[in-house]
Amino acid sequence: MAETGLIVPPDQPPERYREAVLAAERAGLPEVWFWEDCFAESGLAPAAAALAWTERIRVGVGLLPVPLRNVALTAMELATLARLFPGRLLPGIGHGVLEWMGQAGVRAESPMTLLREHATALRALLAGESVTVEGRYVRLDGVQLRWPPEQVPPVLVGAVGPKTIALAGELGDGLILTGGTSAAAVREAVARLREARPAGVAEPDVVVFTDLPVDASVQQLTDRVSELADAGATRVPVLALGDRGPESGPAILDFAARLGAISIRLA
């Protein structure tokens, strides 16, 4: 059965994160997830705070857009968090929203090439290897982490289209499906992901983001998570849809409690 978790979106001001994260842990949820959206909030800063605020909950980041990030710096940040909070970090990378990458002046001519080079180098660095590479976008000369993680976090790759899903199967530890979250779309993505998987490599994680109204019942939440799990999802983070104004805090906390109830029910 799939794990579930609460998505804490970047349309909330950062000062409201702590309350939501602590509510998720109190509710028994195994995970919380953040997004790195331009130009709202970063992904790793709230992830670090959430890990420090809590004792056991895992923290996912979906996604870190690689055009904005030097791979050596990404590896350093992930390794630091993974050593501070072993086994609790679930980082995801992606090629980013192309329009936003253009606004930031970092849009790549070939986003897929950049994502491939970044994912390959990142996994090698997190494994403690010395990396020298002269790619189209990623160039490293004998870079090696001084403090590689003892428990290497998975590198999840975010995707929507078939080519990126295949790349996630080939190079990543799993997929974050950021669009098309019907059960049929998930089944199709999982089949493509497994087809691209090298022989003998472990089964990939399949993270499927979904959303439901903030007043959804426990049964509605259970049905959605179960449906996506049956389609092949291993993790189903859920976003509460509804008013996100200053008065929405209690509704989101109540949503987290109901989501925790289904996590216990489906365990």
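This is a short chat about the predicted model of one protein chain.

Me: What should I know about the model before I start?
Reply: It is a predicted model, where local features need pLDDT of at least 70 and side-chain atom pairs count only at pLDDT 80 or more, while totals for chains, interfaces and linings use all residues. Residues are numbered from 1 along each chain as its sequence is written, and side-chain values use heavy atoms, with hydrogens and water left out.

Me: OK. How many helices and strands does the chain have?
Reply: The chain has nine helices and eleven strands. Both are DSSP runs numbered from the N terminus: helices are H or I with at least four residues, strands are E with at least two.

Me: And how compact is the chain?
Reply: As compact as a globular protein of its length, because its radius of gyration is 18 Å and the globule rule gives 18 Å for 267 residues. That radius is taken over C-alpha atoms, and the rule is 2.2 Å times the number of residues to the power 0.38. Along the principal axes, the C-alpha atoms fill a box of roughly 50 × 40 × 35 Å.

Me: What share of the residues is buried?
Reply: 53% of the 267 residues count as buried. Buried means under 20% relative accessible area, exposed means over 50%, and partly exposed is in between (1.4 Å probe, protein chains only).

Me: Which residues have the most contacts inside the largest nonpolar core?
Reply: Leu-6 and Ile-93, in a core of 72 residues. Helix α5 (residues 111-126) gives the most to this core, with eight residues. A nonpolar core is a set of buried Ala, Val, Leu, Ile, Met, Phe, Trp, Tyr and Cys residues joined through side-chain atoms within 4.5 Å.

Me: What does Leu-6 touch?
Reply: Leaving out residues up to four places away in sequence, its contacts include Ala-20, Trp-33, Val-238 and Phe-255. A contact means heavy atoms within 4.5 Å.

Me: Which residues are in the second core?
Reply: That separate core has nine residues, including Trp-33, Leu-156, Phe-209 and Leu-239.

Me: Switching to rings. How many aromatic pairs are there?
Reply: Three aromatic pairs. One of them is Tyr-17 with Phe-34, a tilted pair with 5.2 Å centre to centre and 45° between the planes. Tyr-17 is in helix α1 (residues 17-26) and Phe-34 in strand β2 (residues 31-34), 17 residues apart. The rule pairs rings of Phe, Tyr and Trp (its six-membered ring) if their centres lie within 6.5 Å; planes under 30 degrees apart count as stacked, over 60 as edge-to-face and the rest as tilted.

Me: Are Tyr-17 and Phe-34 buried or exposed?
Reply: Tyr-17 is buried at 3% relative accessibility, and Phe-34 is buried at 1%.

Me: Why is the pair of Trp-33 and Phe-209 called edge-to-face?
Reply: Because their planes are at 75°, with the ring centres 5.7 Å apart. Trp-33 lies in strand β2 and Phe-209 in the loop between β9 (205-208) and β10 (210-213), so the pair ties together parts 176 residues apart in sequence. Trp-33 has a relative accessible area of 0%, and Phe-209 has 10%. Together with Trp-35, these two residues form one aromatic cluster.
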